[in-house]
Amino acid sequence: MLRYLNSCSRGRGAWLLMAFIAFALEMVALYFQHVMMLKPCVMCIYERCALFGIVAAGLVGAIAPATPLRLAAIVIWIYSAWEGVRLAWEHTMIQLHPNPFVTCDFAARFPQWLPLDKILPSVFVASGDCSQNQWSLLTLGMPQWLIGIFAAFLLVGILVLLGQPLKPKRRDLFSR
């Protein structure tokens, strides 16, 4: 399986598929915000940024998948997925165990050199409350679903990384 993941990581298709899946999840988030009129909170915005990191990793990996640039894409992928799991877990804990002393910020804090909330306010401005569960499916709220989504991205990313030192089978080299 690790050899198969290694051979997949050396082609553009898997990287573009990953970028497409993460981008589709971003579009779902924007649908929730602009069509269903759910207000994203600061944690939602940060989780969105983690998803954009996975989109970026997919695009970086697709540029030159047979070069060491692939390893940089894997690092971006794993870091973004890890941050996504961490943020979604923190968000879930805020919703499941409300505490007046543990709240999220009023506005997202971005670096001065990349003020995403000023560049694209329709995507990166937070207006909701982190402790409020506005949507659920099968009794799970949005941050709980995101834990599973980011954990899946993280697991696959780690498996792809572990498969990198392995040489693809000869038949895999000719199947491209």
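Colleague: Where is the place of Met37?

Modeller: Met37 sits in the loop between H2 and H3. Bear in mind that this is a predicted model.

Colleague: What is phi there, at Met37?

Modeller: Near 60°. That is a positive value in a residue other than glycine. Most residues other than glycine have a negative phi.

Colleague: And is Met37 buried or exposed?

Modeller: Met37 counts as exposed, because its relative accessibility is 60% and the cut-off for exposed is over 50%.

Colleague: Let's step back. How many helices and strands are in the chain?

Modeller: The chain has eight helices and two strands. Along the sequence the pattern is α-α-α-α-α-α-β-β-α-α.

Colleague: What box do the C-alpha atoms fill?

Modeller: Roughly 60 × 35 × 30 Å, taken along the principal axes.

Colleague: How much of the chain do buried residues make up?

Modeller: Buried residues make up 41% of the 176 residues.

Colleague: What share of the contacts with a separation of 6 or more comes from residues 24 or more positions apart?

Modeller: Those residues account for 82% of such contacts.

Colleague: On to helix packing. At what angle do H3 and H4 pack?

Modeller: About 165°, with the axes 8 Å apart. H3 covers residues 42-63 and H4 covers residues 69-96. H3 is therefore roughly antiparallel to H4, as the angle is over 145 degrees.

Colleague: Is that crossing left-handed or right-handed?

Modeller: The crossing of H3 and H4 is left-handed.

Colleague: Which residues make the contact?

Modeller: From H3, they include Met43, Tyr46, Ala50, Gly53, Ile54 and Ala57. From H4, they include Ala73, Ile76, Trp77, Ser80, Gly84 and Leu87.

Colleague: How do the residues of that contact divide into nonpolar, polar and charged?

Modeller: There are 15 nonpolar, five polar and two charged in the contact of H3 with H4. Glu47 of H3 and Glu90 of H4 are among the contact residues.

Colleague: Back to Gly53. Buried or exposed?

Modeller: Gly53 is in helix H3. Gly53 counts as buried, because its relative accessibility is 14% and the cut-off is under 20%.

Colleague: What does Gly53 touch, not counting residues up to four places away in sequence?

Modeller: Gly53 touches Ile76 and Ser80. Both are listed on the H4 side of the helix contact. The C-alpha atoms of Gly53 and Glu83 are separated by 9.6 Å, and those two residues are 30 residues apart along the chain.

Colleague: Another helix pair. How do H2 and H7 cross?

Modeller: At roughly 170°, and their axes come within 13 Å. H2 runs over residues 12-34 and H7 over residues 142-163. At that angle H2 is roughly antiparallel to H7.

Colleague: Which residues of H2 and H7 meet?

Modeller: Met18, Ile21, Ala22, Leu25 and Phe32 of H2 meet Met142, Ile149 and Phe153 of H7. That contact has eight nonpolar residues, no polar and no charged.

Colleague: Now rings. How many aromatic pairs are there?

Modeller: The count comes to five aromatic pairs. Phe52 and Phe124 form a tilted pair, because their planes are at 50°, and their ring centres are 5.7 Å apart.

Colleague: Where do Phe52 and Phe124 sit?

Modeller: Phe52 is in helix H3 and Phe124 is in helix H6, residues 121-124. The pair links distant parts of the chain, 72 residues apart.

Colleague: What about accessibility, starting with Phe52?

Modeller: Phe52 has 29% relative accessibility and counts as partly exposed. Phe124 has 6% and counts as buried.

Colleague: Which kind of pair do Phe110 and Phe124 form?

Modeller: Phe110 and Phe124 are edge-to-face, 5.9 Å centre to centre and with 80° between the planes. Phe110 lies in the loop between H4 and helix H5 (116-119), 14 residues from Phe124. Phe110 is buried, and so is Phe124.

Colleague: What do the ring pairs link into a cluster?

Modeller: Tyr46, Phe52, Phe110 and Phe124. Tyr46 is also one of the H3 residues in the contact with H4.

Colleague: Last one. Where is Pro98 found?

Modeller: Pro98 is in the loop between H4 and H5. Pro98 counts as exposed, with 61% relative accessibility. The C-alpha atoms of Pro98 and Gln132 are separated by 9.2 Å, and the two are 34 residues apart along the chain.

Methods: Residues numbered from 1 in each chain as written. Predicted model: local features only at pLDDT ≥ 70, side-chain atom pairs only at ≥ 80, totals over all residues. Heavy atoms only, no water. Axes fitted to C-alpha atoms, helices over the stretch in contact; angles between N-to-C directions. Helix = DSSP H or I, 4+ residues; strand = E, 2+ residues; numbered from the N terminus. Parallel < 35°, antiparallel > 145°, perpendicular 65-115°, else oblique. Left-handed = near helix turned anticlockwise from the far one by under 90°. Contact = heavy atoms within 4.5 Å. Nonpolar A, V, L, I, M, F, W, Y, C, P; charged D, E, K, R; others polar. Phe/Tyr/Trp six-rings, centres within 6.5 Å; stacked < 30°, edge-to-face > 60°. Buried < 20%, exposed > 50% of the residue type's maximum accessible area, 1.4 Å probe, protein only.
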